[in-house]
Amino acid sequence: MSNSSQALSLLVPLDSFGNVLILLLNISLATAIVGLNTSVWLCILLNKALRRENRFMYMLSSCLSDICTGVSYFYVGVIDVNETFVSPTRTFHIVPTFLGLSFMAILAAQADRYHAVVSPLKYSQRMTRNRTLGVISAYWIYAFFIVAVSNMVTGSTARKITGYGVFIGNIFAVTIMIGLNIRLFIIARFQLDKEPPSEERESKRASVHLILVVAFLFLGAWLPLLFHVTVCNFTVCFTFRNEGTDPFRILPRINAALTPVMYIRGCTALKEMLLTQMSNSSQALALLVPLDSFGNVLILLLNISLATAIVGLNASVWLCILLNKALRRENRFMYMLSSCLSDICTGVSYFYVGVIDVNETFVSPTRTFHIVPTFLGLSFMAILAAQADRYHAVVSPLKYSQRMTRNRTLGVISAYWIYAFFIVAVSNMVTGSTARKITGYGVFIGNIFAVTIMIGLNIRLFIIARFQLDKEPPSEERESKRASVHLILVVAFLFLGAWLPLLFHVTVCNFTVCFTFRNEGTDPFRILPRINAALTPVMYIRGCTALKEMLLTQGRADITMT
């Protein structure tokens, strides 16, 4: 525990100009990856005409995986961590999987383009929209299936799986990005030579050259890493200190930032939509409230403090669990990890919706396309799932140990994360009125689950626990358990007090006309769940001795170091 509880350090010690520059470059790279890919992803998602074409579906997939790559690079590219199979700071193969998904998306898109140019008639008959979505779904499912398998086998077996997978990736990369692209270039040039001189011909010629640029960029970024990983998985080779200083792993991240630029450069429709969107949203955003009174200044400072508290408290608990293997073996801590992660995202996003004058209505130009409310919803589902899990564990401990294995618990957590972002995608692809109905029905069902689990199950759990405690002889352990039982009621009442007002308000507003607040940061119905997001990790620390001791030990270690 002492080894895993030490504080994480930065990528490199900030003792020279070169080290500071490396850290700043990595942060800039992560920001560029997220910003550029999010811009392209939203442009395609919001344009029905673009979504009808198969190539843009591959772009959506590529941008989504690259957004995840960029977000994760704020961890692996800024903190001194490693993704080896035995590293205590590894991400259990999740971060490399996002890179792998981007790799597969670009290969699939290139093969799709080749098929479309070489056999346009057969392509239109074979590659329907559903089949294209099937191909995309297939490599996403395959990627996370490999993640699951790698986490269930030994380190040596996982290393072999990675080695063989990367070797096959080399073959596909060379075949598709060199063989097919050279043939595609020759065919396109041959067709262009037949056409009379015109502006359209020159535009097509530029697109053909762009195909070669994309192929060379891809090969230059990926082949060094693929060969390095293949060699390292079968022989002994030089390893770098961490992910953020490994040039073989930095190159694909640079490619992840350049790929959306190539998409914009090569697609006129995408470029025009992006420029239009920028001109429409170019008006300056204002602060949450005008700073013309003490009350308004206080509201703004309280919201900033709340956002900071949410991020700080949840990040502390999240890191404590992540760095302690003993805690991660228990199912309840996996739910805590999920809850803390969604609450960290809620806290980060509250620096936008709680500080700037923005609104999350379906037609607002400052909306976040349902992403910010989704983080709140994920926290809601995580706490409900954790409470149901605890009820099952207390009422039927034997059946629970047989049914709820670690993999099934991870399956439950993955299910509600996937469901949440599936609803986000659907809500952004339908009309505002349809999205409003989806939200209304979803919140109504959420009300039923909240009342059933947080009132019905918790009351029964409280009665069972009190009955069991009355049988035990007086002792310190009995008093500790009694305090835990009372904590269950406190958590339930806090949760219901924070969430039920918002759930009822949203349900009513989605089916009738009701009073709306100026923005997110002054809406008390939406502030309450954020307060709950700050209190939840405090409840975790208060109710779990192991977590409290680890956090205190880590705090003492940090004080000693300083």
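Phe-369 counts as buried in this predicted model, because its relative accessibility is 11%, where buried means under 20% relative accessible area, exposed over 50% and partly exposed in between (1.4 Å probe, protein chains only). The residue belongs to the loop between helix 13 (331-353) and helix 14 (371-395), with helices defined as DSSP runs of H or I of at least four residues, strands as runs of E of at least two, and both numbered from the N terminus. Although Phe-369 is not a glycine, it has a positive phi of about 55°.

Residues are numbered from 1 along each chain as its sequence is written. Local features need pLDDT of at least 70 and side-chain atom pairs count only at pLDDT 80 or more, while totals for chains, interfaces and linings use all residues, and side-chain values use heavy atoms, with hydrogens and water left out.

- With a relative accessibility of 14%, His-370 counts as buried.
- Ser-427, found in helix 16 (residues 406-429), is buried as well, with a relative accessible area of 8%.
- When residues up to four places away in sequence are not counted, Ser-427 touches His-370, Ala-435 and Ile-438, contact meaning heavy atoms within 4.5 Å.

**Helix 8**

- Phe-227 lies in helix 8 (residues 199-234), and His-228 is found in helix 8 too.
- Phe-227 counts as partly exposed because its relative accessibility is 45%, whereas His-228, at 15%, counts as buried.
- Leaving aside neighbours within four places in sequence, His-228 is in contact with Cys-237, Phe-238, Phe-248 and Arg-249.

**Domains**

- The protein is divided into domain 1 (17-266) and domain 2 (297-558), with bounds that come from an automatic or database domain assignment.
- The centres of domain 1 and domain 2, taken over C-alpha atoms, are separated by 34 Å.
- To the contact, domain 1 gives nine residues and domain 2 gives seven residues.

**Overall fold and dimensions**

- The protein has 20 helices and zero strands.
- For 562 residues, a compact globule would have a radius of gyration near 24 Å, and the 26 Å of the protein agrees with this; the radius is taken over C-alpha atoms, and the globule rule is 2.2 Å times the number of residues to the power 0.38.
- Taken along the principal axes, the C-alpha atoms of the protein fill a box of roughly 95 × 65 × 50 Å.
- Among contacts between residues at least 6 apart in sequence, 75% join residues at least 24 apart.

**Surface and charge**

- Of the 562 residues of the protein, 44% count as buried.
- The accessible surface comes to about 28600 Å², of which 69% belongs to carbon and sulfur atoms, with areas from the Shrake-Rupley method and a 1.4 Å probe, only the protein chains shown counting as cover for residues.
- The mean positions of the 47 positive and 29 negative charges are 9 Å apart, where Lys and Arg count as positive, Asp and Glu as negative, and His and the chain ends are not counted.
- The place of each charge is taken as NZ of Lys, CZ of Arg, CG of Asp or CD of Glu.
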